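Please keep the model open while reading.

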Amino acid sequence: MVSEGVWVGLRGRRYLRSSAPWRGVAYLLGGVVLGVFVLVGGLVAAVLGAALAVVLVGLPLLALLGLAGIPVAALERRRLRLVDPATPAPTPHRTPEAPGIPAWFKLRVKEQATWRELAYTALLALVLWPMDLLVLACTVGAPAVLMATPVQLALDGGEIRAAKLWLVGDYPHAFAAALLGLALLAPLLYPLGAYATARAALARLLLAPREAELTTQLAEVTRSRARLVDAFEAERRRIERDLHDGAQQRLVALTMTLGLARLDAAPGSDLAAQLAKAHDEAGNVLNELRELIRGIHPQVLVDYGLAAAVEDAADRSPIPVDTDLDGLPRLPESVEAAGYFTTREALTNIARHSGAPRAHISARHHHDTLRIDVRDEGKGGADPARGTGLTGLADRLAVLDGTLTVTSPPGGPTVLSVEIPCRAQHQQSPED
């Protein structure tokens with residue numbers, strides 16, 4: 001269960017009974033520890049860099065100091081979960097296009113986020129941790145000292161000055177001071193929570209990615225997915241080519257050899273029967289291999305485009321399929337592949353699950369958008385979430401900024417619609 005944020009807890013009645021105030025205390029205490037460490041480390045690094053700069057060795061060190069904010073910011077983004085567990089702060093940095101430290105260093109130096117993180121690190125070392133310490137001392141430290149008055153009196157044995165404010169010489173007054181400290185702690189936890197929330201908001205403002213950086217990251221993810229799809233398509237074509245030019249040709253030669261041997265065998269002999277059986281099995285394997293090759297990446301899709309490939313899939317469908325594909329131009333290879341495999345998956349689902357007597361496929365390219373509709377008059381009630389294979393196709397279409405819509409009320413009809421934005425490459429000629 002995710003804990004609620006400190007600010008949300010402040011507005012509720014159960015704030016003091018929840019973990020929110022103590023997570024605020026832990027956040028500020030961690031800021032003090034980290035701030036002191038950064039201040040001391042920065043002073044040591046600055047002195048060392050200034051000393052080495054005399055012999056021109058400190059220049060690379062000073063350059064590295066400019067990136068010192070990156071690990072500090074990474075830790076601060078993780079610490080934000082103490083104040084607001086439900087809203088994580090992702091990194092604003094991009095992934096280098098090339099491996100290695102030089103590419104990483106060059107990218108980080110150019111990013112605005114790097115310098116925002118350095119500014120936050122300097123602010124933490126010089127301003128924020130002293131403020132955190134002051135708030136902790138006033139809201140938690142002073143009540144804690146008052147509550148510890150009886151212990152101090154027992155250890156000292158004489159008069160003590162409670163919280164450096166007044167003299168306490170007996171246990172009744174010591175316990176009264178302790179009760180005062182306990183009474184002050186509860187209301188003081190509210191301003192502490194408010195400060196922790198404001199402090200975390202400042203850190204999020206400087207360390208979380210800006211809208212432009214999120215847009216850039218999203219574009220990089222989209223391009224990465226597109227590259228994966230292209231690599232997958234290239235591998236499919238390689239497998240199809242190897243099977244077509246290698247295994248299929250050998251099976252054809254084997255089938256012909258068995259056929260010739262079958263003709264030479266004496267009719268009615270056991271050898272003739274065995275050769276006939278082997279010849280038939282080789283033919284069945286050859287047919288299955290051809291179907292497999294066609295399923296991996298049909299050659300008709302490469303040679304003649306989406307319209308011819310869909311017509312071929314419709315001809316091989318176990319149920320009659322009407323097609324309306326006139327005027328469909330050649331489209332980018334990735335678009336044609338996505339449209340073809342989506343259509344083929346739809347025909348497979350219709351044949352297996354719909355009970356429809358016929359299906360209809362129409363495709364148009366209009367206003368730089370390919371639209372494919374596959375319709376059947378079956379029983380309806382199709383649900384892509386039940387593992388029909390369309391979920392993976394929808395993810396594949398999303399890489400191309402495409403959409404997949406399934407409308408299937410009980411009783412039918414079922415309509416699968418695909419829309420992919422794309423530009424036509426060239427119009428099909430009548431000779432194609």
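Buried means under 20% relative accessible area, exposed means over 50%, and partly exposed lies in between (1.4 Å probe, protein chains only). E111 is buried, at a relative accessible area of 6%. This is a predicted model, where local features need pLDDT of at least 70, side-chain atom pairs count only at pLDDT 80 or more, and totals for chains, interfaces and linings use all residues. Residues are numbered from 1 along each chain as its sequence is written, and side-chain values use heavy atoms, with hydrogens and water left out.

**The loop residue**

E111 sits in the loop between α5 (101–110) and α6 (112–147). Helices (H or I, at least four residues) and strands (E, at least two) are DSSP runs, numbered from the N terminus. The side chains of E111 and R108 are joined by a polar contact of 3.2 Å. Such a contact is a pair of N or O atoms within 3.5 Å; within protein, one must be able to donate a hydrogen and the other to accept it, and residues adjacent in sequence count only if both atoms are side-chain atoms. Leaving aside residues up to four places away in sequence, E111 touches P92, H93 and R94. Contact here means heavy atoms within 4.5 Å.

**The sheet**

Strands of a sheet pair through backbone hydrogen bonds, either parallel or antiparallel. Two strands count as paired if DSSP finds at least two bridges between them. Here 5 strands form an open, mixed sheet in the order β3-β4-β5-β7-β6. β3 and β6 (403–407) stand at the edges with a single partner strand each, so one side of each has no neighbour in the sheet. Neighbouring strands are turned by 10 degrees against each other on average, direction ignored.

| Strands | Sense | Bridges |
|---|---|---|
| β3 (321–324) and β4 (359–366) | parallel | 4 bridges |
| β4 and β5 (369–376) | antiparallel | 8 bridges |
| β6 and β7 (414–421) | antiparallel | 5 bridges |

Individual partners can be picked out. T323 bridges to I361 in β4. H365 bridges to L370 in β5. V406 bridges to L416 in β7.

β4 and β5 form a hairpin with 2 residues between them. In its turn, H367 has a positive phi of about 55 degrees.

**Helices across the sheet**

Helix α12 (306–315) lies across β3, β4 and β5, at about 170 degrees to β3. Helix α13 lies across β3, β4, β5, β6 and β7, at about 10 degrees to β5. Axes are lines fitted to C-alpha atoms, for helices over the stretch in contact, and angles run from 0 to 180 degrees between N-to-C directions.
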